[in-house]
Amino acid sequence: MTKKRVKNINFRLKPHALMVSVPVSISSKQTVQAIAHRVPWAIANHPQVLERYKRKNSALVEPTADTPLLLWGATQSLTLTHDEKVAYYRQQLNEVMPSLFDKWQPVVGAYANEMRLKKMHTRWGSCNTGARRIWLSVYLPAYPVECTEYVIVHELCHLHHPNHSRAFWQTVEAAMPDYKRWHDMLAGKTGKLD
């Protein structure tokens, strides 16, 4: 458990661990009550977390030189080193990212101030709601372009709801009714979204 400058008590379930961050102002009693309330959820969901962790570690997160180069879900005939693949994916994302944000920002009704790329090993995307900055994983071009679109929609929806509440998922579904297909495709590989 860590005390942070956060508004709510946040839980993150990891293999064999429940990570908890709590607001600095909250009492120990409130913290204990919140954790006790969340333990059944953690126990119920832990097998799924372990399964995802095993899948993630049995498949490579990063493409390597001996794996086929995929671009937007299609196998390419190029042979590249890992660093060359990252540079290639970065270039491909930079080319499509402006038009994808132009397409989805009006649909979601939220606009980012900045869009950046990062070599993220545990996430497909993240959103700094205060700065309205969205980061995308440089590995996204290995998957169908709809996966990248889903990540953009997901992160833009955080500008309306900075959590994964029911209202958040309703906003995602309203913007992209078939989001589950792309969410599940990415969830089966690695990482998560914030």
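Modeller: Before we start, a residue is called buried when its relative accessible area is under 20%, exposed when it is over 50%, and partly exposed in between. Please keep in mind throughout that this is a predicted model.

Colleague: Is Arg132 buried, exposed or partly exposed?
Modeller: Arg132 sits in the loop between strand S7 (123–128) and strand S8 (133–137), and its phi is near 55°, a positive value in a residue other than glycine. Its relative accessible area is 27%, and since buried requires a value under 20% and exposed one over 50%, Arg132 is therefore partly exposed.

Colleague: Where does Trp72 lie?
Modeller: Trp72 is a residue other than glycine with a positive phi, near 50°, and with a relative accessible area of 21% it counts as partly exposed. As for its place in the chain, Trp72 belongs to the loop between strand S4 (70–71) and strand S5 (74–75).

Colleague: How many helices and strands does the protein chain have?
Modeller: The protein chain has 194 residues, of which 38% count as buried. Read from the N terminus on, its elements follow the order β-β-β-α-β-β-α-β-β-β-α-α-α-β, and the totals are five helices and nine strands.

Colleague: Why is the pair of Tyr150 and Tyr179 given the class it has, and which class is that?
Modeller: A search of the whole structure finds five aromatic pairs. In the pair of Tyr150 and Tyr179, the ring centres are 6.0 Å apart and the planes stand at 25°. Centres within 6.5 Å make a pair and planes under 30 degrees apart count as stacked, so the class of this pair is stacked.

Colleague: How many residues apart are Tyr150 and Tyr179?
Modeller: Tyr150 and Tyr179 are both buried. The pair links distant parts of the chain, because Tyr150 belongs to helix H3 (residues 145–157) and Tyr179 to helix H5 (residues 179–187), and the separation between them is 29 residues.

Colleague: Which residues form one aromatic cluster?
Modeller: Trp169 and Tyr179 also form a stacked aromatic pair, with 5.6 Å from centre to centre and 25° between the planes, and this pair links helix H4 (residues 166–175), where Trp169 lies, to helix H5, where Tyr179 lies. The cluster consists of Tyr150, Phe168, Trp169 and Tyr179.

Colleague: At which residue does helix H2 bend?
Modeller: Helix H2 covers residues 82–108, and Gly109, which follows H2, has a positive phi, near 80°. The bend amounts to about 40°, with a proline, Pro98, following within four residues, and the residue at which helix H2 bends is Val96.

Colleague: What separates the C-alpha atoms of Leu13 and Ala42?
Modeller: Leu13 is placed in strand S2 (residues 10–14) and is buried, with a relative accessible area of 15%. Along the chain Leu13 and Ala42 are 29 residues apart, while the separation of their C-alpha atoms is 6.6 Å.

Terms used
Residues are numbered from 1 along each chain as its sequence is written. This is a predicted model: local features need pLDDT of at least 70, side-chain atom pairs count only at pLDDT 80 or more; totals for chains, interfaces and linings use all residues. Side-chain values use heavy atoms; hydrogens and water are left out. Rings of Phe, Tyr and Trp (its six-membered ring) pair if their centres lie within 6.5 Å; planes under 30 degrees apart count as stacked, over 60 as edge-to-face and the rest as tilted. Helices (H or I, at least four residues) and strands (E, at least two) are DSSP runs, numbered from the N terminus. Buried means under 20% relative accessible area, exposed over 50%, partly exposed in between (1.4 Å probe, protein chains only). The bend at a residue is the angle between axes fitted to the seven residues ending there and the seven starting there.
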